[in-house]
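Please open the structure in your viewer and keep the sequence beside it.

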Amino acid sequence: MGSGCLKVTKYFLFLFNLLFLILGAVILGFGIWILADKTSFIAVLQMSSPSLKIGAYILIGVGALTMLMGFLGCLGAVNEIRCLLGLYFTCLMIILITQVAAGLVIYFQKETLKEELSRIVRNLIEKYDPLNDDERNLQDAWDYVQTQIACCGWTGAKDWENNEILINQSMTAYPCSCSNSSKDFQVDTGFCNLDVLINSTAAYAGWPVHQQGCMYGVEQWLKDNLGVILGVCTGVAVIELLGMILSISLCKNIHSEDYTKVPKS
């Protein structure tokens, strides 16, 4: 009966660690995706805020460590190595505590992150310059966001009135990526000139652009993507907990089996 229980526990632990290995690879993939993505809003955050890059590297590190722990768990389960299972249990507990702590920090810092995001985008809009090659990738990423979400500015098109180039041009031009006119669909970067000028100056209200800001669309985009990431992390946490339970159970069963095999004097 004890031997059968040992085998069942061993193979269950192996199965969970196999899933653990796969989910670790998924977390690793998310980290690499954040660093490699150059065409969505992630690129804007990544180039403007070092915290996102740090977060991506943390995801890569956690993913790699998770895969390593999954491998060690499989090895310890199959070969019934008690010290390896004990190390596996300890590392799982540390990873789980770290994940919970990171989740709590993100949850309680939501407003701070939102304010930082707003500051990043407003600064980008104010400094936007199509001739500035140093910021070309960042500006192209924001143009992509405005084109895909069909929005303009952060809270609205009025944000572009703070752009230095548009101020110098007396608002007689507007960002092409904000345009709601079919003739501008082929141009999604830089500034477009107004066709008809009643006076020598203009205002954002006269621009043929989307008036809705990108804030709500971006927040929804982040919620959708964060939901996927959090779902994966939750799945990993559940498997970690089950792995801890099975590993400690297997350790006890191995100890009991070894004890019963000791010859009586």
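Begin by selecting Arg136, which counts as partly exposed because its relative accessibility is 31%. The model is a predicted one, in which local features need pLDDT of at least 70 and side-chain atom pairs count only at pLDDT 80 or more, while totals for chains, interfaces and linings use all residues. Residues are numbered from 1 along each chain as its sequence is written, and side-chain values use heavy atoms, with hydrogens and water left out.

**Salt bridges**

Side chains of opposite charge can pair when their charged atoms come close. Asp133 is exposed, its relative accessible area being 55%. A search of the whole structure finds four salt bridges.

Select next Asp159 and Arg122, another salt-bridge pair, whose closest N and O atoms are 3.5 Å apart. This pair links distant parts of the chain, 37 residues apart: Asp159 is in the loop between helix 6 and helix 7, and Arg122 is in helix 5 (residues 110-127). Helices (H or I, at least four residues) and strands (E, at least two) are DSSP runs numbered from the N terminus. Asp159 counts as buried at 9% relative accessibility, whereas Arg122, at 33%, is partly exposed.

Then select Glu161 and Lys158, whose side chains meet in a salt bridge of 3.2 Å, N to O. Lys158 is partly exposed, with a relative accessible area of 49%.

**Disulfides**

Now display the cysteine side chains. How many disulfides does a search of the whole structure find? There are three, a disulfide being a pair of cysteine sulfur atoms within 2.5 Å. A disulfide is a covalent bond between the sulfur atoms of two cysteines.

Select Cys151 and Cys214, which are joined by a disulfide with an S to S distance of 1.9 Å. Cys151 lies in the loop between helix 6 (136-149) and helix 7 (164-168), and Cys214 lies in the loop between strand 2 (191-193) and helix 8 (215-260), so the pair ties together parts that are 63 residues apart in sequence. The torsion about their S-S bond is about 95°, so this disulfide is right-handed. Both Cys151 and Cys214 are buried.

Move to Cys152 and Cys178, a disulfide in which the sulfur atoms are 2.3 Å apart. Cys152 lies in the loop between helix 6 and helix 7 and Cys178 in the loop between strand 1 (173-175) and strand 2, so the pair ties together parts that are 26 residues apart in sequence. Are these two cysteines buried or exposed? Cys152 and Cys178 are buried.

Finally, select Cys176 and Cys192, joined by a disulfide with an S to S distance of 1.9 Å. Cys176 is in the loop between strand 1 and strand 2 and Cys192 is in strand 2, 16 residues apart. Cys176 is buried at 3% relative accessibility, and Cys192 is buried at 10%.

With the bonded cysteines of the protein numbered in sequence order, the pairing reads 1-6, 2-4, 3-5.

Methods
Buried means under 20% relative accessible area, exposed over 50%, partly exposed in between (1.4 Å probe, protein chains only).
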